[in-house]
Amino acid sequence: MNNIKEVAVIGLGYIGLPTAAILASKGIAVRGVDVTPRTVEAVNKGEVPFVEPALGEFVSAAVSAGTLSASFETPEAEAYIVAVPTPFNDDYTADLSYIEAAADGIAPVLKGGELVILESTSPPGATQHLFDYLLNKRPDLSADNLLVAHCPERVLPGYVMEELVTNDRIVGGITPEAADKAKALYETFCQADILTTDAKTAEMAKLVENSYRDVNIAFANELSVISDKLGIDVWELISLANRHPRVNILQPGPGVGGHCIAVDPWFIVSAAPEESQLIRTARNTNDSKPNWVINKVVAATKSSGFNGKVAVMGLAFKANIDDMRESPAIEITRQLAEANPTVEFLAVEPHVEALPKKLEGISNLTLTPTDEALKSAGVVTLLVDHDQFKSVPATVLAGKEIIDTRGLWR
Ligand code: SAJ
């Protein structure tokens, strides 16, 4: 049974803000903490500074009810949830500086007996590191008076408010007491099973889930390259093979994007480099796919009738969202436009009003409406399977060179 009534959530991003809002909807007093003025201001106005269905209603209701507010300073609370980024360094080790910065804010306000939950995806040992780091900053606190646990998030962007309630959760404690207390807090909003374990197993479980997906996408991407060489339609091949009762191959694409699947497997590789051969190879296979697509597009522009214009359909990292983090579509578009200055590139992304920063200032690249781009381009490259692109009639594509990396128009 949960007895925590005040929670501070450090990091109000894609995970922290939904978690803060859903806890607040259960009557818990939640104070959000963020370093970005735009985020703090938006939340205090009851607004969400990014796109996530249903989250806006939760935030505005909680702010109006007075159960959610945001600030730059970490307040005193009975529990702290750390949901900050964990990017990787140049050598693929995890950058724990954001976690340490969150701990720097928490340490001075601890009185003893609080629960600190790490939600950020973390390499094995990071939760123990957070525990040691806090105690090191506060040697006056006794180790058995600080409860630290890892509760990795599992929600799929676009379905966050639903999956926070329906997905099973894993909670790994530095001690069983920490795990039980975190479990009780998450039971206030999670209706699925919450399974407790130790902190390192919980860290690995999260990394393994995303690596499993990465390895399986790499298999599909490798099949697409093999099929292309052999003159086989990979989409037909996969749908036929998937009719076997124990085969379920994922879909090839232009590469793997987002801030999770393209990142997390490296934490396993850097923790056990010799032993992680398959995971490393899968990462490299997926990372090499954008280059393969670039070569296909360049080859298409060399055909005799090419009219000088290439349409690039989609910039987001996957379908039907506006999230561009680590998007292979952006990398492909940028490299193509920069390396081919005499070709005009028409980028189509129905979810944004302006080109993202990484594509700004490239003179032969413009954000173009779907119809216009499809009408004028001689080569059309489909990079994201947005619903809007599904309905493009075959007559509009007739006579053009099509590079369909998602199998949408086959
Ligand atoms: N992709 C393919 N082919 C596929 C599936 C995906 O090319 O068959 C590509 C997508 O286009 C995208 C990338 O992979 O570029 C990742 O997309 P995704 O939908 O697989 O995953 P994310 O990054 O949106 O969310 C994942 C989820 N993890 C798993 O499914 C194991 C989510 O549950 C996690 O919470 C999230 O990572 C996270 O934050 O860790």
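Visitor: Is His259 buried, exposed or partly exposed?
Guide: His259 is partly exposed, at 28% relative accessible area (under 20% is buried, over 50% exposed and in between partly exposed, with a 1.4 Å probe and protein chains only). This is a predicted model, where local features need pLDDT of at least 70 and side-chain atom pairs 80 or more, while totals for chains, interfaces and linings use all residues. Residues are numbered from 1 along each chain as its sequence is written, and side-chain values use heavy atoms, leaving out hydrogens and water.

Visitor: Okay, where is His259 found?
Guide: Look in the loop between helix H9 (234-241) and H10 (helices are DSSP runs of H or I with at least four residues, strands are E runs of at least two, and both are numbered from the N terminus).

Visitor: And what is His259 in contact with?
Guide: Skipping neighbours within four places in sequence, His259 touches Asp264, Arg325 and Glu326 (contact means heavy atoms within 4.5 Å). With Arg325, the side chain of His259 makes a polar contact of 3.1 Å (a pair of N or O atoms within 3.5 Å; within protein, one must be able to donate a hydrogen and the other to accept it, and residues adjacent in sequence count only if both atoms are side-chain atoms).

Visitor: How far apart are His259 and Glu326 in sequence and in space?
Guide: They sit 67 residues apart in sequence, yet 6.2 Å apart in space, going C-alpha to C-alpha.

Visitor: Let's move on to H10. How many residues of H10 are buried?
Guide: 6 of its 8 residues are buried, so H10 is largely enclosed by the rest of the structure. The buried ones are Asp264, Pro265, Trp266, Phe267, Ile268 and Val269.

Visitor: What do those buried residues of H10 pack against?
Guide: They pack against H8 and H11. Helix H8 (residues 199-230) and helix H10 (residues 264-271) meet at an angle of about 115 degrees, with axes 8 Å apart (axes are lines fitted to C-alpha atoms, for helices over the stretch in contact, and angles run from 0 to 180 degrees between N-to-C directions).

Visitor: Which residues in H8 and H10 meet?
Guide: From H8 you get Met204, Lys206, Leu207, Val208, Asn210, Ser211 and Asp214, and from H10 Asp264, Pro265, Phe267 and Ile268. By class, this contact has 6 nonpolar, 2 polar and 3 charged residues (Ala, Val, Leu, Ile, Met, Phe, Trp, Tyr, Cys and Pro are nonpolar, Asp, Glu, Lys and Arg charged, and the others, Gly among them, polar).

Visitor: What does the side chain of Asp214 do with Arg283?
Guide: The two side chains are joined by a polar contact of 2.7 Å. Arg283 lies in helix H11 (residues 277-301) and is buried, with 0% relative accessible area. Beyond its neighbours within four places in sequence, Arg283 also touches others, including Pro265 and Trp266.

Visitor: New topic: where is Thr405 found?
Guide: Thr405 is in the segment after strand S13 (401-404), and at 8% relative accessibility it counts as buried. A polar atom of its side chain lies 2.7 Å from the backbone oxygen of Leu382. Among its contacts beyond four places in sequence are Trp235, Pro252 and Val293.

Visitor: Last one: at what angle do H4 and H5 pack?
Guide: Helix H4 (residues 97-106) and helix H5 (residues 126-137) pack at about 40 degrees, with their axes 10 Å apart. Ile99, Glu100, Ala103, Asp104 and Ile106 of H4 meet His129, Leu130, Tyr133, Leu134 and Lys137 of H5. That contact splits into 6 nonpolar, 1 polar and 3 charged residues.
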